[in-house]
Amino acid sequence: MIDIVLLTLLLVVAIAIIRMKDLFAVIMLSGIYGLLSASFFVAMDAVDVAFTEAAVGAGISTLLMLVVITMTGRSENTTRHKPFPALLLVVITGGLLIYGTLDMPYFGSADAPVHSHVAPRYINDSMQEIGIPNIVTSILASYRAFDTFGELVVIFTAGVGVLALLSIVRRPIKGDKIAAVNDSMHEQHLVIRIVTKILLPFILLFALYVQFHGDFGPGGGFQAGVIFAAAIILYAMLFGLSTARIVINQAFIQLIAATGVLLYGCVGLVSLLNGGNFFDYNFLSNDAIAGQHLGILLIEWAVGCTVASVMIIIFFNFADYRERQLSNENQHNQESP
Amino acid sequence: MLIGLFNNWIVVILMMIGLYIVIAHGNLIKKIVGLTLFQTSVFIFYISMAKVVGGTAPILADDIIQYSNPLPHALILTAIVVGIATIALALSLVIRIKAAYGSIEEEEIQRQDNQIQADKKERKQA
């Protein structure tokens, strides 16, 4: 019953997103949308997914979009691009899709085709083969490690892409340094700053807990990476970019991002050299189960490193670009009068 | 039937709302929000497919007989993080478009592009 309520709420939020003109409100609503879908995933027993969606959909993505609208402006143009043909197209496509769903197995039926092929093996045999209770981690890190490797490379590539698009080598103009814009909240919001200072160690500790407890409960490298990055981003927002840049060295964090991907690939190569298949952890150690444990630990660690550092790189580059823009505007303002 | 397929229908409607935003709205940020709506609807589709009535979260424990299907969970978990990485790439493209055109409205960008084309033609004729 609760899932029907949540789905209806999702629909309401989506309709509100269409109607809103103010981009700030749209982005806040999309954060609410992410949180609602995370709650829906909990109701659907997908605890790992809910964890990720709560950290990503409601947290990091809202934040990144907010940083971007500070640069691009927060109001949307009211003219629509061919609304009636678009509506017609959408209604026809939706109608066809709904016609297609009539053949779908009903919600929650245990004999649906999706439950009949490879899933029973994961559920029945993963304890003997992998030896960890969380089946999602077993699939993600061992049975389908090759897929996860591909996805990690996509994340890394996206980080490289953001660097290529936004990061410009700083060259000082006529010898003088670019004036740093102090947009930190150093003078204001005392309560938030102190509470953040108290909470930060616990957030980081929680990220590490999620990282290493992913074998036994919901969690793992992806979630831990995002939570770790969220803590760093919170610090950067409250204490200003220039302070955060001293804490987090950009070259170092880029190195960590690349090292994570390298470590992941190396785990595969080592199992190849030991006589097994690529990512066959049974060959990492004399005991097959111990090999699986070692392999999963290493690649979860690799995933955590890359995800956390790519998220940090993305945020820092966005904020950096904004800071440069603001300092250029300030210079213009000083020159013009 | 209404309850049995309700999830799928909501997924279709959410997906179409996302598609409509991508087609009809000119603002690039709004388009990206539309894409995330579309993307999340696919996640909801996969996750509701994985649910088995009476099942529980796929973490092995004694005296539990029925688990929900863990495979779609593993697929969607990675898809969410890949999604935010690609959206960040899209957002950085938007930032560069704003720097180059001074606007993130599709029609304004199109107008400026047409202007440049027209100027080039005029110069060729002259």
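Confidence in chain B first. This is a predicted model. Within chain B, helix H4, residues 106–125, scores lowest, with a mean pLDDT of 89. Helix H2 of chain B, residues 28–50, scores highest, at 92. The chain B mean is 90, and 99% of its residues reach 70 or more. For the complex, the predictor gives an ipTM of 0.91 and a pTM of 0.89.

Now one helix in chain A. H9 runs over residues 221–239. Its 19 residues should span 27 Å at 1.5 Å a residue, and the end C-alpha atoms are 27 Å apart, so the two agree. Of those 19 residues, 14 are buried, so H9(A) is largely enclosed by the rest of the structure. Just after H9(A) comes A:Gly240, with a positive phi of about 90 degrees.

On to the cavities. How many of 30 Å³ or more does a search of the whole structure find? Three.

Which gives the largest share? H2(B), with five residues. By type, the lining holds seven nonpolar, eight polar and one charged.

The second largest cavity holds about 120 Å³ of space. It has 15 lining residues, and A:Pro105, A:Tyr106, A:Phe107, B:Ser48 and B:Met49 lie nearest its centre. The elements giving two or more residues here are H1 and H2 of chain B. This lining divides into eight nonpolar, seven polar and no charged residues.

Technical notes: Residues numbered from 1 in each chain as written. Chains lettered and ligands numbered in written order. Predicted model: local features only at pLDDT ≥ 70, side-chain atom pairs only at ≥ 80, totals over all residues. Heavy atoms only, no water. pLDDT = per-residue confidence, 0-100. Helix = DSSP H or I, 4+ residues; strand = E, 2+ residues; numbered from the N terminus. Expected span 1.5 Å × (residues − 1). Buried < 20%, exposed > 50% of the residue type's maximum accessible area, 1.4 Å probe, protein only. 1 Å grid on protein atoms, 1.4 Å probe; cavity = no way out; pocket = protein on both sides within 12 Å on 5 of 7 lines; lining within 4 Å. Points joined across faces, edges and corners; volume = space filled by probe spheres on them. Nonpolar A, V, L, I, M, F, W, Y, C, P; charged D, E, K, R; others polar.
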